[in-house]
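This report describes helix packing and aromatic pairing in the structure shown below. Please keep the sequence and the model in view while reading.

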Amino acid sequence: MAADLWTSVVSLAGVALGGGLTALAQRATQRSAERVEERRQAVAAAESRRAEQIDVLKEFVACAQAAERAAYRRPDPWGDDEDGWMTQTGPVMTALWTASGNVTLLCDDTLRQPVRTYGHALNAAVWRDIGEAEVNEHLEEAKTAFMDAARASLAGSRPPERTAGSGGQVY
């Protein structure tokens, strides 16, 4: 009878040990899956943020180009709203300042000053507060500084490199 009791106890201990190991294995698998999902979400958020930054930078560059075109089109000498230049240029400059605000809000702080400097240079070029300088000469330094800062900012905001793991999942 003692042998039957020991057989039952060992069998019960085996079942308990197997159940415990199964529970630990399931918990480890669940935690691993949660970490993979968190990393995937972090990468997706970083990619989304970078895309948003690229969009506002593109918008700013487009507005800057429109302002530069307005500076070249400005009548010389000018007085009243000759040929509607001033009427057309007001919204262009408003769009430029709105786009610069978007860059300031959504992009890295290192872009704040270059965007501001480039915007002020464009404003001076449009309203001809640049003396005898040519528009392109006046804008070149500020434009280059902005483009360099934008490139550096975007290079620093790249999401972490993704590598394929087991099962083709992306980590």
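## A buried tyrosine

Tyr118 has a relative accessible area of 2% and is therefore buried (buried means under 20% relative accessible area, exposed over 50%, and partly exposed in between, with a 1.4 Å probe and protein chains only).

The model is predicted: local features need pLDDT of at least 70, side-chain atom pairs count only at pLDDT 80 or more, and totals for chains, interfaces and linings use all residues. Residues are numbered from 1 along each chain as its sequence is written, and side-chain values use heavy atoms, with hydrogens and water left out.

## Aromatic pairs

A pair of aromatic rings is described by the distance of the centres and the angle of the planes. Four aromatic pairs are present in the structure. Rings of Phe, Tyr and Trp (its six-membered ring) pair if their centres lie within 6.5 Å; planes under 30 degrees apart count as stacked, over 60 as edge-to-face and the rest as tilted. One of the pairs joins Phe60 and Tyr118: the ring centres are 5.9 Å apart and the planes stand at 70°, so the arrangement is edge-to-face. This pair links distant parts of the chain, since Phe60 lies in helix α1 and Tyr118 in helix α3 (residues 112–126), 58 residues apart. Helices are DSSP runs (H or I, at least four residues), numbered from the N terminus. Phe60 counts as buried at 0% relative accessibility.

Tyr118 also pairs with Phe146; here the centres are 5.7 Å apart and the planes at 25°, so the rings are stacked. Because Tyr118 belongs to helix α3 and Phe146 to helix α4 (residues 135–156), the pair ties together parts that are 28 residues apart in sequence. Both Tyr118 and Phe146 are buried. Phe60, Tyr118 and Phe146 form one aromatic cluster.

## Packing of α1 against α3

The axes of α1 and α3 come within 8 Å and cross at roughly 20°, which means that α1 is roughly parallel to α3. Axes are lines fitted to C-alpha atoms, for helices over the stretch in contact, and angles run from 0 to 180 degrees between N-to-C directions. Angles under 35 degrees count as roughly parallel, over 145 as roughly antiparallel, 65 to 115 as roughly perpendicular and the rest as oblique. The crossing of α1 and α3 is left-handed (the near helix is turned anticlockwise from the far one by less than a right angle; clockwise would be right-handed).

From α1, the contact involves Phe60, Ala64, Gln65, Ala67, Glu68 and Ala71, and from α3, Val115, Tyr118, Leu122, Ala125 and Val126 (contact means heavy atoms within 4.5 Å). By class, these are nine nonpolar residues, one polar and one charged. Ala, Val, Leu, Ile, Met, Phe, Trp, Tyr, Cys and Pro count as nonpolar, Asp, Glu, Lys and Arg as charged, and the others, Gly among them, as polar.

Glu68, located in helix α1, is buried with a relative accessible area of 12%. Leaving aside residues up to four places away in sequence, Glu68 touches Tyr118, Leu122, Val135, Leu139 and Lys143.

## Packing of α1 against α2

Helix α1 (residues 2–73) and helix α2 (residues 85–106) have axes that come within 8 Å and cross at roughly 155°. The two helices are therefore roughly antiparallel, and their crossing is left-handed. The contact of α1 with α2 comprises 17 nonpolar, five polar and four charged residues.

## The loop between α3 and α4

Arg128 is placed in the loop between α3 and α4. Its phi is near 60°, a positive value in a residue other than glycine. With 30% relative accessibility, Arg128 counts as partly exposed.
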